[in-house]
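Welcome! Let's take a friendly tour of aromatic rings and their surroundings.

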Amino acid sequence: MTDTSFVPYWRSLEPPTGPNSWIFFTVAQFAGCYQPVAAVSSVGGLPDESLQGTPLTVCCRRIVTIFSDPANHTAIRGELALADTYYARGETRKDTLVPVELPELTRKHPFDPRRFRPWDRTTVVPFPFISASLLQGVAFDPRWGRGAPARLEPLATVYRDTDLEWGMVVVNITDLKRVRYGIVGFAVAMAKFVPSLEAERRPLHQGASFYFEEGPLRVMDEVRPRRVLSAAEYMRKFNYHSAGYNDTKHHPYDIHILDSVPLVDTAALSPVWASAESTVTRLPTITIKSQTLDMQQDEATKSFIQQMLYLDDFDISVFDHVRHLPGFEALVREVLQRCRDTLENTRAVGRLIRLAYTRHDGHLSLELLEDLTANLVSAALDDNLGAGGTITSLSLCIGSIHSTPAELATALCLFAGAYSSALRKKFWLPTSPSLIPHQVFPIQQIFVRHQRHEGRLTSFEYNCIHLEDGLLKPERFAAGFLLWLSTLEPTSHAWFDEKAPFLAFSSAPASLTPDLLSTAQITPILCETFALPFSMPDYTACSPRARDLAPRGWTALVSQEFNPSTPSTDTYRIRYAFVRVRGRQSIIVEDPSTSPPGPDNLEVTGLKELLSITAPGTDPSIIDICLDNTARTITALQTHDEPSELEVEPLSVLSEAEAADILLEFLSDARALNRRYRKAMEEDHGNWSWYSELSGVST
């Protein structure tokens, strides 16, 4: 008699596992509809080189930390204002775009070439600050200085729950005071279709022999509800544990932080989670409409605003009778946009720009004002206007500026485009001469050397980290520097991305704080370090070109050495110093003999002394606390939090003589690197034209 109760099914042939690769989306709500504003993928490879388990929770915690940091909110709000307009145009709405599919990968093929797609160096990212924030949250784990592969994806990218490779993380930044997140992932395993009860009872062995049965990979969750998991639920669902990711304390720390973070709702998933039948949920048309008293009064007000626009100046009190009406600022913005081609550099225009675009916190938000010139920006920043209160900060869209970078720098003393260029791995500053004011951003570069074993002998590997394109003020640099030092493991220990630790400089706290992981202010990514390939054509290490040591600029020297108090090669110490040329004569990399570094012409300090010179308002006690915490972290990384009896300090300052000697070593290595650059340019100039100024230099 046939058993009619049997239902055919797929039987798992191995323990199911979670996604091997991930797509991260940042979404926000505009006019009641959610839309994506950034997308970043992390493609896994072998299981121990993928964001599975604890590493994924680290990413989620870091992303939430970045978007929750008030230091980032001004820039984020500016780009969200741009996104509001971006999605208001029907042709750029997510639901009208052709969906971009993720590569169809499977864990059976960890070396599939599609896992190693080239970086997109041509497409301009619509919202570069938000994208840079998400990218760094995925790419860099500041607790251990390790990173995962991370790549920007188009906003039209979609996730499908039938995919055998991918999971999804969605972060909702509509309310920056209450950032939300959620994880989506389904179990995948090799499986075999069981069509009958007889097939179900068939043994996996014949006689005394046992054979492993294989089958196709399959998503084992037949029902895939549109809801997200918390970090804790994700870890439990796939039975992940923190063992193997350095220590058992790492997982509970991140889970504890994320326990207090709310989850995204189902609606936030609709623009990025595509069903099998369609792309994404269709969204209603978004429109922007000012809320005003009535159309007749609006027209009268706009006419009056336009009259003021063409005066040289006016008394701000002329607007007292309409200034506090609902929608007044929107009407001023409408007039300015309509007349933007005829705007002149007058105090009247400056007053109106401030009235229209100044927020209550003193931030002048010019992202939506098109066809700006440096003169108009300068007019709006006039301290004597008395309109809109005191301006404390400014944001604008580099694509709307119709002036040269030099003209804009003169008006603002700022360098726009740093975020967008870095995301395309394009240098945004000229490599020679330097345009950076060292009195504002005093640290030029870091020379770092790592001690290596070569058989029974040891040698040093030298690298340079260029800092000028990071626009780091002294205390902000100090926070990034200590965070970087605390994660500085030998290159042989690097996990996933060898260059990840340099992201410490662009995602550190805004100022020194005892807990350097508690906040993360996003500043421009160190573009040169980010853009350059990992190795030269001769397979030696590739790093930014060392710059001449300018009289007003500081260079950091960092030496990571094996700890002489122990025979183990797994323990090390870090010695460092900051050096600056005395007098007005630069130390020339290609010809140091013109001003040879020595105690007489080289100023050498530690971090505390450096800040007393460059940022005298910094609290010395907090510097001591941060230095002590960093030293303890360096020790803990090597001992895995076990008791240690190291006889030397894990972090100390070089003497003047030591600093001078090590600087000479760095300069010698820098000249050798320059020779390799010149040779690469001669053989393949198209791909090695980073430092064209070297082509005319011979040594």
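The notes below go through ring pairs, charges over rings and a surface patch.

## Ring pairs around Tyr-86

This is a predicted model, and it holds 32 aromatic pairs. One of them joins Tyr-86 and Tyr-87 edge-to-face, with 5.0 Å from centre to centre and 90° between the planes. Tyr-87 is buried, because its relative accessibility is 1% and the cut-off for buried is under 20%.

Tyr-86 also pairs with Phe-127: the ring centres are 5.3 Å apart and the planes stand at 80°, so this pair is edge-to-face. Where do the two partners sit along the chain? Tyr-86 belongs to helix H2 (residues 73–88), while Phe-127 is in the loop between H2 and helix H3 (128–139), so the contact ties together parts 41 residues apart in sequence. Phe-127 has a relative accessible area of 2% and is buried.

## A cluster of rings

Further along, ring pairs connect six side chains into a cluster: Phe-477, Phe-481, Trp-484, Phe-505, Tyr-576 and Phe-578.

## Charges over rings

The charged end of Lys-425 is placed over the ring of Phe-530, 4.9 Å from its centre. Arg-449 lies over the face of Phe-460, and here the distance to the ring centre is 3.7 Å.

Methods:
Residues are numbered from 1 along each chain as its sequence is written. This is a predicted model: local features need pLDDT of at least 70, side-chain atom pairs count only at pLDDT 80 or more; totals for chains, interfaces and linings use all residues. Side-chain values use heavy atoms; hydrogens and water are left out. Rings of Phe, Tyr and Trp (its six-membered ring) pair if their centres lie within 6.5 Å; planes under 30 degrees apart count as stacked, over 60 as edge-to-face and the rest as tilted. Buried means under 20% relative accessible area, exposed over 50%, partly exposed in between (1.4 Å probe, protein chains only). Helices (H or I, at least four residues) and strands (E, at least two) are DSSP runs, numbered from the N terminus. A charge sits over a ring if NZ of Lys or CZ of Arg is within 6 Å of the ring centre and within 35 degrees of the ring normal.
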